Amino acid sequence: MVSFNASWLESLYEKISVEMTGERVTPLVANPGRIVITNTNLYFQPFNKEPDVVLRIGLASIERVVKRRYMLRNVGVEIFYAKTKSVFLVLSSPSDRKYFYDQLLSLPDVQLQDTGQENMTLRWQNGTITNFEYLMYLNSMADRSFNDLTQYPVFPWIIADYSSSELDLEKEATFRDLSKPIGALNDERLTRYQKRYQEMTDPKFLYGSHYSTPGYVLFYLTRTAPEHVLCMHSGKFDHSDRMFNSISDTWENCLCGAADVKELIPEFFCPPGDFLLNKLDLDLGVKQDRNKVHHVQLPPWAKDAEDMTNKFREALECSYVSARIHRWIDLIFGYKQRGTEAVKANNLFYHLTYEGAVDLDKITDPAERAAMEAQILEFGQTPKQLFTQPHPQRKTGTDLLIVPDNATAEPSEEEPAKSWCQLESLRKSCNVKVHRDALTGLAFSND
């Protein structure tokens, strides 16, 4: 076994407290090496010659440490440091991860930041955070990470209109039905899926493909991450006609394609939308219609890539979507993700995409284990289930109003104190349910 090279230590006074074998996960690569914790630094020394050779992270720069799944096993840890950086480490077993996590957090130099993520659902309901921020939070809680293409953050298709010259966010037809998974939006295609489902033996599934896979992520990111695409396709880009050439065509294929049920990625909602532009001037080939593949073709209502991503974000935050996005959360992160409710919602995927479907540690046959790992890596992983009850709806208007029966249009300064002494005369205007937490405050307005 290769041991850590002590010459990489930053100081002669550093003392190694933990040394173990693990992997560093980057897009499409899990690189084995030695993980070392000292009294001042965290090190990762790869067994091969990585470009960075040895990664060193000062313990004082660590801001967050998050436990993650990897290959449907609870063996990952993602470390966020230096404001914008992160590293995804994988340990050999859940017990090794627990030991590493506990030892790291016990060191005095590790002072984790308060992320302010308490009561995030309640904060989202009350409009304190945006839909985008809340979906990013749910993705993180469900072990989705930008470092792991097999568990990349997943976002919904919101807009269904890619032909109009103007985008009308006041019109219902502009939007996709968020109560249904992509595979159930087309009734004719869904009927074919259901017929096949009825003819199957257990374990049954509606969709053999998934809404989030490494291939789908790189389909969208070809123009900004060509090195990963070339790695996946053995040094070549995909066939020109199968590439991400048009927003409208991609949406139509998701509606009508025989096996295409993919959702979106966060980049669609983040200006300036460079992933839509071929800024690297890559040679992506020529389509059958003899047009060269270059920038992604945008909808008529988008002036440019930045305008399109701005309008995607505007649509995500609009009142129509805010009142319905909880239904999509039920499908992806909630109670309709698996089991009987998933069947009722036409939301059932291949069983090996779900956590707990297989225990890799109990598979002794190397060939069988390799086949299972390939399935998990290449064909998608369903996010960790976060909710087992219907997710609450976001408040989009005034949800709480209590008015005294004898209230006047313009109460005097003495009236508020008098009213609190006459609570029995108050008339209930409506009921409001809060999610999980107790009600800790009230706010009143004159309107």
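**Salt bridges**

Modeller: Asp 361 is partly exposed, with a relative accessible area of 45%; buried means under 20%, exposed over 50% and partly exposed in between, using a 1.4 Å probe and protein chains only. The model is predicted, so local features need pLDDT of at least 70 and side-chain atom pairs count only at pLDDT 80 or more, while totals for chains, interfaces and linings use all residues. Residues are numbered from 1 along each chain as its sequence is written, and side-chain values use heavy atoms, leaving out hydrogens and water.

The partner of Asp 361 in a salt bridge is Arg 73, with the closest N and O atoms 2.8 Å apart. Because Asp 361 sits in the loop between helix H11 (339–344) and helix H12 (366–378) and Arg 73 in strand E6, the pair ties together parts 288 residues apart in sequence. Arg 73 is buried, at 15% relative accessible area. A salt bridge here is a side-chain nitrogen of Lys or Arg within 4 Å of a carboxyl oxygen of Asp or Glu. Helices (H or I, at least four residues) and strands (E, at least two) are DSSP runs numbered from the N terminus.

Another salt bridge joins Arg 68 to Glu 78 at 2.9 Å, N to O. Arg 68 belongs to strand E5 (residues 62–70) and Glu 78 to strand E6 (residues 73–81), 10 residues apart. Both Arg 68 and Glu 78 are buried.

Lys 98 and Asp 102 also form a salt bridge, 2.9 Å from N to O. They are 4 residues apart in helix H1 (residues 94–106), which means about one helical turn separates them. Lys 98 is exposed at 51%, whereas Asp 102 is partly exposed at 34%.
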